[in-house]
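Open the model in your viewer, keep the sequence panel beside it, and follow the stops below in order.

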Amino acid sequence: MLTIRCTRKLLKRLGAEAIVDPPSPTNRLGNWYAKLVFVRHVPLTICISERSLLPVIVEARGAATFSPRFRDAARSVLQGIGAGPDMVDREVREMESFAIGATAKPPVLGSLNDLASLARFEIEDNPSIDLVTLAVKLAGTPCSPLKYESPRTVSLALLRHTSS
């Protein structure tokens, strides 16, 4: 169980109401923050883990298919950063159910905005890049809130920490 904390614009696009008091996450990477971005007139949803800032990017299509598309993309990104099969399976299993909430932590929202800008620049430079490759590339970016570690490094450490 986790909560996807969406910006107002994304909540409106999803036609979702944010729950006021979401449950605590049971996955290792914590809740996720998500926002709608437009790149080359294509709507995308960029999501980042609250604990590691790991990005996952999906096309912003129908709200009914968001959940499985997010899980599939998260699985691919976790595999792409080098997480082992057991770690990936456990994390994705915990993503089977999630709540929708509103953004709550400004520093995480700031990192989400920064990674969304980097994604836009990368797509402008390389229009044929697929979204998983893009997310894996962004996962290597050193981030100030992570003491200049990368989301990849922090995610792998969080996933490994609990597998022992």
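Two strands are said to pair if DSSP finds at least two bridges between them, and helices (H or I, at least four residues) and strands (E, at least two) are DSSP runs, numbered from the N terminus. What you have open is a predicted model, in which local features need pLDDT of at least 70 and side-chain atom pairs count only at pLDDT 80 or more, while totals for chains, interfaces and linings use all residues. Residues are numbered from 1 along each chain as its sequence is written, and side-chain values use heavy atoms, with hydrogens and water left out.

**The strands**

Select residues 42-49, which make up strand β3. Six of its eight residues are buried, so β3 is largely enclosed by the rest of the structure; here buried means under 20% relative accessible area, exposed means over 50%, and partly exposed lies in between (1.4 Å probe, protein chains only).

Which residue is the bridge partner of isoleucine 48 in β4? Proline 55 is that partner, while tyrosine 33 has isoleucine 48 as its bridge partner in β3.

**The cysteines**

Select cysteine 47, which counts as buried at 1% relative accessibility. A disulfide is a covalent bond between the sulfur atoms of two cysteines, and the search for one asks for a pair of cysteine sulfur atoms within 2.5 Å. The structure holds zero disulfides. Cysteine 47 is in none, and its nearest cysteine sulfur, that of cysteine 6, is 7.4 Å away. Cysteine 143 is likewise buried, with a relative accessible area of 8%, and its sulfur is 16 Å from the closest cysteine sulfur, in cysteine 47, which is too far for a bond.

**The aromatic rings**

Show the side chains of Trp32, Phe66, Phe70 and Phe98, which form one aromatic cluster. Rings of Phe, Tyr and Trp (its six-membered ring) pair if their centres lie within 6.5 Å, and planes under 30 degrees apart count as stacked, over 60 as edge-to-face and the rest as tilted. The whole structure has four aromatic pairs. In one of them, the rings of tryptophan 32 and phenylalanine 70 have centres 5.3 Å apart and planes at 80°, so the pair is edge-to-face. Because tryptophan 32 lies in strand β2 and phenylalanine 70 in helix α2, this pair ties together parts that are 38 residues apart in sequence. Tryptophan 32 and phenylalanine 70 are both buried.

Turn next to phenylalanine 70 and phenylalanine 98, whose ring centres are 6.4 Å apart and whose planes stand at 75°, so this pair is edge-to-face as well. It links distant parts of the chain, since phenylalanine 70 is in helix α2 and phenylalanine 98 is in strand β5 (residues 98-102), 28 residues apart. Is phenylalanine 98 buried or partly exposed? At 21% relative accessibility, phenylalanine 98 counts as partly exposed.
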